[in-house]
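Could you walk me through this protein model in plain words?

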Amino acid sequence: MTDHTHADTLRTPIVAVLGHVDHGKTSLLDTIRGSAVSEGEAGAITQHIGATDIPLDTISGMAGELIDPSDFDLPGLLFIDTPGHHSFSTLRARGGALADIAVLVVDVNDGFQPQTEEAIDILRRTGTPFVVAANKVDTTPGWNPQDGDPIQKSMDAQSERAKSMLDENLYEIIGQLSDAGFSADLYWRVQDFQKNIGVVPLSALTGEGVPDLLTVLMGLSQRFMKEEMAIDVTGPGEGTVLEVKDERGFGATVDTVVYDGVIRNGDTVVVGGQDEPIVTEIRALLRPRPLAEIRTEKEFEKVGEVGAAAGVKIAAPDLDQAMAGAPVRVVRDRTVDQVVDEVKAELAEIEVETADNG
Ligand code: GDP
């Protein structure tokens, strides 16, 4: 039911990376960022507050023969920096999950651990589609690393012994997914990604299999999420608070992921607060400076507006009581009361969920 009087366009899907501590979430994000940068083109990635935007061109450069960019019209992927599980479960967007899609990182030797189970519960509860990154394949005894290669190419370069040890570990994870109620298989065997979870063997250390992960994420988003990605780019911005932070010179600020519309400097916004919604006016929208400039300049640069999907720091008066996970809504052409009610309703929903789930 798209209203074509609005300026509809496809936004970037928001990707979250979850998993047990030490299974490699941070390393995986670093590797994705790093190999995107080493693709070499200017604008290979854009660093956001709390997120990294990887455009389709960069992804297709990294994925090589695995991707034909003309198959896609989504602009790329926005990876949000991994929050803890508690914060992930409160990262909601209009009743759904903030992340459109998730990567569950599982150490291929360790298999499922307590936080893996927790993450699975959250993904099930929020109905978030996900793929499993079976990480650390390079730790398989006798592994012959193939830096940055697609995983099947890399597997072809392994000894029979290494391959069968890896297979054993992978099938253990597939079994654990099945115990958790998810039918799963190695991603290249999955016919229907709506019925089966794809498992992508990879190494965040050597980068092998990372092209496959990006390809699967892009493919899933394109096939199953395209309609949800159609947004009114000029509509009043909607977002979710990732974190509340004091910044020198700005006071309390909220790091926000914007998932719909546009937020402009000077906009009146309603932000979910500990006691009641906060109504305030944006003093500054802040983005990280490009890396090259960080040394000489201040950490942030001010921008006039940000459109979904993006991570941005909002500076405004009275944000001390803002809450992580709370909604941020631009008022624009509605009444403040209307938007306050909307925010209250959403907060009530989050509280019910939290109470239900301990
Ligand atoms: P997080 O707690 O899930 O964010 O895990 P980290 O990314 O901090 O990784 C935990 C440890 O595992 C670090 O010492 C990483 O260097 C190591 N690690 C992560 N990925 C890999 C991998 O693919 N191969 C190997 N050999 N080590 C890895």
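Let's begin with the second largest pocket, which has a volume of about 450 Å³. Before going further, note that this is a predicted model, in which local features need pLDDT of at least 70 and side-chain atom pairs count only at pLDDT 80 or more, while totals for chains, interfaces and linings use all residues. Residues are numbered from 1 along each chain as its sequence is written, and side-chain values use heavy atoms, with hydrogens and water left out.

A pocket here is found on a 1 Å grid over the protein atoms alone, as an open set of points where a 1.4 Å probe fits, with protein on both sides within 12 Å along at least five of seven lines; lining residues have an atom within 4 Å of a point. Grid points are joined across faces, edges and corners, and the volume is the space filled by probe spheres set on the points. The second largest pocket is lined by 22 residues, and the closest to its centre are Arg11, Arg94, Glu228, Tyr259 and Asp260. Strand 12 supplies the largest share of this lining, three residues. By class, the lining has ten nonpolar, five polar and seven charged residues. In this count, Ala, Val, Leu, Ile, Met, Phe, Trp, Tyr, Cys and Pro are nonpolar, Asp, Glu, Lys and Arg are charged, and the others, Gly among them, are polar. Strands (E, at least two residues) and helices (H or I, at least four) are DSSP runs, numbered from the N terminus.

Now look at Thr240, in strand 13 (residues 238-247). Is Thr240 buried or exposed? Thr240 has a relative accessible area of 0%, so it is buried. Buried means under 20% relative accessible area, exposed over 50%, and partly exposed in between (1.4 Å probe, protein chains only). Leaving aside neighbours within four places in sequence, the contacts of Thr240 (heavy atoms within 4.5 Å) include Leu91, Asp255 and Tyr259. Thr240 and Arg94 are 146 residues apart along the chain, yet their C-alpha atoms are separated by 9.2 Å.

Next comes the interior. In soluble globular proteins, nonpolar side chains tend to be buried together. A nonpolar core is a set of buried Ala, Val, Leu, Ile, Met, Phe, Trp, Tyr and Cys residues joined through side-chain atoms within 4.5 Å. In the largest one, of 78 residues, Leu28, Phe79, Val103 and Phe130 touch the most other members. Helix 7 (residues 210-224) gives the most to this core, with seven residues.

Phe130 also belongs to one of two aromatic pairs in the structure. Rings of Phe, Tyr and Trp (its six-membered ring) pair if their centres lie within 6.5 Å; planes under 30 degrees apart count as stacked, over 60 as edge-to-face and the rest as tilted. The ring centres of Phe130 and Phe182 are 5.1 Å apart and their planes stand at 80 degrees, so this pair is edge-to-face. Phe130 is buried at 5% relative accessible area, and Phe182 is buried at 17%. Tyr187 and Trp188 form an edge-to-face pair too, with centres 5.4 Å apart and planes at 80 degrees.

Finally, turn to the backbone. A cis peptide bond joins Ala308 and Ala309, with omega about -10 degrees. Asp318, although not a glycine, has a positive phi of about 65 degrees, and with 52% relative accessibility Asp318 counts as exposed.
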